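Good morning, and thank you for joining.

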Amino acid sequence: MSNPADKKNPALMIAKVGIMAALSYLAFTFLQFKIPAGPDYTSFHLGNTFCVLAALLFGGVPGGIAGAIGMTIGDLLDPVYITSAPKTFMLKLCIGLITGLVAHRIGKISMRTPEGHVQSQKHVFLWTVIGSSAGMIFNVIAEPVVSYFYKRYILGVDAKASAILAKFQSLTTFVNAILTVIIAVALYAALRPAMARTGLFDYNIGTKQKNK
């Protein structure tokens, strides 16, 4: 689900992933409001926004890797979240993969029509919303569930504390999801035409390239 041109220029793909990972880290770290949840914390933040945006712009794999790297580093550098880093890496990677799968493979937002025309704005908007929402619906469900079992059975936190955290995370992840979809879709709508005008937009994301 990535640009075939990037396979010939790995440095370009690394740069793209690095930029989006940095933005994910910055948004998670500095656009964050922590909420006490028993002996632990959850938070409202915008880190997921750039994971989803990267998946829309460059494909599910680059988006997932960017979000996973950026927010995992955010966890590792924060004493409150450091033990959650492995869980964060897995969940953010999945957000990118799901967003990219739905938006590019199913919605084909970056592919031309069989007649060679660019997809209509209505089609692109609809499937960017659906793709972003799919990634965030996954997170709304998976974050509190995975967190409960991770805290309870991996870190050995007692059941009551793990349940309290999961309940608070249900609220924060829901709010984070709404903000992520709104902002990521708006940013994609603004960046797509600008990238197309400069020849940087890839119309092959989601296609299966055959080796020649």
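A word on conventions. This is a predicted model, in which local features need pLDDT of at least 70 and side-chain atom pairs count only at pLDDT 80 or more, while totals for chains, interfaces and linings use all residues. Residues are numbered from 1 along each chain as its sequence is written, and side-chain values use heavy atoms, with hydrogens and water left out.

Let us begin with the fold. The protein chain has seven helices and two strands; helices (H or I, at least four residues) and strands (E, at least two) are DSSP runs, numbered from the N terminus. Read from the N terminus, the order is α-α-β-β-α-α-α-α-α. The radius of gyration is 18 Å, close to the 17 Å that the globule rule gives for 212 residues, so the chain is as compact as a globular protein of that length. That radius is taken over C-alpha atoms, and the rule is 2.2 Å times the number of residues to the power 0.38. Along its principal axes, the C-alpha trace spans about 60 × 35 × 30 Å. Of the 212 residues, 47% count as buried, where buried means under 20% relative accessible area, exposed over 50%, and partly exposed in between (1.4 Å probe, protein chains only). Contact means heavy atoms within 4.5 Å; among contacts between residues at least 6 apart in sequence, 73% join residues at least 24 apart.

I turn now to helix 6. Where does helix 6 bend? The bend is at A142, by about 35°, and a proline, P144, follows within four residues. The angle is taken between axes fitted to the seven residues ending there and the seven starting there. After the helix comes G156, with a positive phi near 75°.

N139 also lies in helix 6. At a relative accessible area of 2%, N139 is buried. Setting aside residues up to four places away in sequence, N139 touches N48, L91, K92, I95, P144 and T173.

Next, helix 7, residues 159–197, which holds N176. N176 counts as buried at 2% relative accessibility, and, leaving aside neighbours within four places in sequence, is in contact with S43, F44 and H45. A166 is in helix 7 too, and is buried at 13%.

Finally, the aromatic rings. How many aromatic pairs does the structure hold? There are four, a pair being rings of Phe, Tyr and Trp (its six-membered ring) with centres within 6.5 Å; planes under 30 degrees apart count as stacked, over 60 as edge-to-face and the rest as tilted. Y25 and F30 have ring centres 6.4 Å apart and planes at 85°, so they are edge-to-face. F30 counts as exposed, at 58% relative accessibility. F28 and Y81 have centres 5.9 Å apart and planes at 50°, so that pair is tilted. The pair links distant parts of the chain, 53 residues apart: F28 is in helix 2, and Y81 in the loop between helix 4 and helix 5. Both F28 and Y81 are buried. Y148, F149 and Y153 form one aromatic cluster.
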